[in-house]
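Thanks for coming, everyone. Let me put the structure up and walk you through a few places in it.

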Amino acid sequence: ICIGARVICIGAVMVVAILLARSIVVVVPPGHRGVRVTLGEVAEQALPEGLAFKAPIIQQIHRFSVQQMTTTQTLECFSSDLQIATVACSVLYRLPPDRIVELYRSFQGNPYDSLVAPRLNDAVKRITAGYRAEEIVKRRDEIRPIILASLQEQMSGLVEVRDVTINNVDLSAELEQAIEAKQVQEQQALAKTYELQKAQKEAEIVIVNATAAAQAVRLKGEALKVTPDMIAWEIVQKWDGKAPQSVVTAQPGVGVLLPLK
């Protein structure tokens with residue numbers, strides 16, 4: 001019985017020791033910082049990663065990640081032509097280690113939810129309102145850095161916003177069909193313009209070639225007037241080196257073709 005009582009006592013002591021250790025020792029994981037609060041009073045300095053000690057009951061340690069994080073948010077906004085656009089954004093951000101205590105004191109709960117999300121909502125709605133619905137889809141690469149710059153300015157360094165991406169822009173089915181029909185019409189118009197330009201170019205080439213040929217004939221005619229031997233020179237130029245099989249004799253007003261064999 002004594003041995004059993006001792007075992008029970010030892011077990012009880014061990015449980016109490018474990019509970020006591022768990023109540024006074026806190027582990028701050030890698031990539032995190034801790035904020036110690038004593039009876040509602042926040043310590044001035046954040047706790048680094050590793051072991052930290054706290055007084056039972058009267059002290060608490062809250063842990064915050066200072067690693068780079070990504071959060072996706074979907075927002076509904078109005079375009080300049082009063083169409084509804086659903087914009088899915090991803091925000092790449094990080095909590096600065098030296099601002100953790102300030103963030104805990106000034107903003108309740110998750111810093112993204114209380115600080116970043118409402119400002120992203122404001123930036124996206126304000127900036128997309130300056131574009132037509134189809135422009136929001138086509139010019140997202142232009143809109144993205146504007147949203148990022150606005151968000152970074154509003155954060156004032158409390159949260160490091162490193163990037164904002166626009167993952168998707170959804171419009172109403174009716175508007176998407178209208179945009180698609182418009183694009184088809186534009187492509188057809190471009191094709192017709194190309195055909196007209198091609199036909200015009202071909203016509204210009206024909207005119208240029210005809211003008212060149214007429215000019216060549218005119219120049220040859222003028223050359224013959226000045227140099228009658230030009231015909232003989234042309235014959236020599238076109239002779240293939242073979243002896244002629246016939247000869248043309250001419251009398252005034254008469255031309256006779258005689259065979260040489």
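**A walk through the model**

Start with I61. At 10% relative accessibility, I61 counts as buried, because the cut-off for buried is under 20%. Keep in mind that this is a predicted model.

Where does I61 lie? In strand β5. Which residues does I61 touch, leaving aside neighbours within four places in sequence? The contacts are V26, G34, V35, R36, L47, A52, F53 and K54. One more pair to look at is I61 and V28. They are 33 residues apart in sequence, and their C-alpha atoms are 9.0 Å apart in space.

Pick G34 out of that contact list. G34 sits in strand β2. Its relative accessible area is 0%, so G34 is buried. Leaving aside neighbours within four places in sequence, G34 is in contact with V28, A46, L47, I61, H62 and R63. Look at R63 in particular. G34 and R63 are 29 residues apart along the chain, yet 4.4 Å separates their C-alpha atoms.

Now the sheet around them. It is an open sheet of three strands, in the order β3-β2-β5, and the pairing is antiparallel. Which strands are at the edges? They are β3, residues 41-42, and β5, residues 59-65; each pairs on one side only. Strand β2 covers residues 32-38, and two bridges join β2 to β3. In one of the pairings, T38 has E41 in β3 as its bridge partner.

Next, the aromatic rings. How many aromatic pairs does a search of the whole structure find? Two. Y104 has a relative accessible area of 26%, which makes Y104 partly exposed.

The other pair is Y93 with Y112. Their ring centres are 5.1 Å apart and their planes are at 35°, so this pair is tilted. Again, distant parts of the chain are linked: Y93 is in strand β7, residues 84-94, and Y112 is in helix α3, residues 111-128, 19 residues apart. Y93 is buried, with a relative accessible area of 5%. Y112 is buried too, at 4%.

Stay in strand β7 and move to R94, which also has its place there. What does the side chain of R94 reach? The backbone oxygen of V66, at 2.9 Å. Leaving aside neighbours within four places in sequence, the contacts of R94 are V66, Q67, Q68, V159, E160 and R162.

Strand β7 has a partner. β6 and β7 run antiparallel, and 10 bridges join them. Within this pairing, L75 stands opposite V87 in β7. The two strands form a hairpin with five residues between them, where L82 takes a positive phi near 60°.

Now to the core. In soluble globular proteins, nonpolar side chains tend to be buried together. Here the largest nonpolar core has 39 residues. Which members touch the most other members? V91, L120, V124, I147, L151, V159 and V161. Several elements give two or more residues to this core: β2, β6 (69-78), β7, α2, α3, α4 (133-138), α5 (140-155) and β8 (160-170). The largest share comes from α3, with eight residues.

Take I147 as an example. Leaving aside neighbours within four places in sequence, I147 is in contact with L120, A123, V124, I127, V164 and I166.

Last, the whole chain. There are seven helices and 10 strands. Of the 261 residues, 24% count as buried. Take the contacts between residues at least 6 apart in sequence: 60% of them join residues at least 24 apart. The accessible surface comes to about 18000 Å², and 60% of this surface belongs to carbon and sulfur atoms.

Key. Residues numbered from 1 in each chain as written. Predicted model: local features only at pLDDT ≥ 70, side-chain atom pairs only at ≥ 80, totals over all residues. Heavy atoms only, no water. Pairing = 2+ DSSP bridges. Helix = DSSP H or I, 4+ residues; strand = E, 2+ residues; numbered from the N terminus. Phe/Tyr/Trp six-rings, centres within 6.5 Å; stacked < 30°, edge-to-face > 60°. Buried < 20%, exposed > 50% of the residue type's maximum accessible area, 1.4 Å probe, protein only. Polar contact = N/O pair within 3.5 Å; in protein donor to acceptor, adjacent residues only side chain to side chain. Contact = heavy atoms within 4.5 Å. Core = buried A, V, L, I, M, F, W, Y, C linked by side-chain atoms within 4.5 Å. Areas by Shrake-Rupley, 256 points an atom, 1.4 Å probe, with all protein chains shown as cover.
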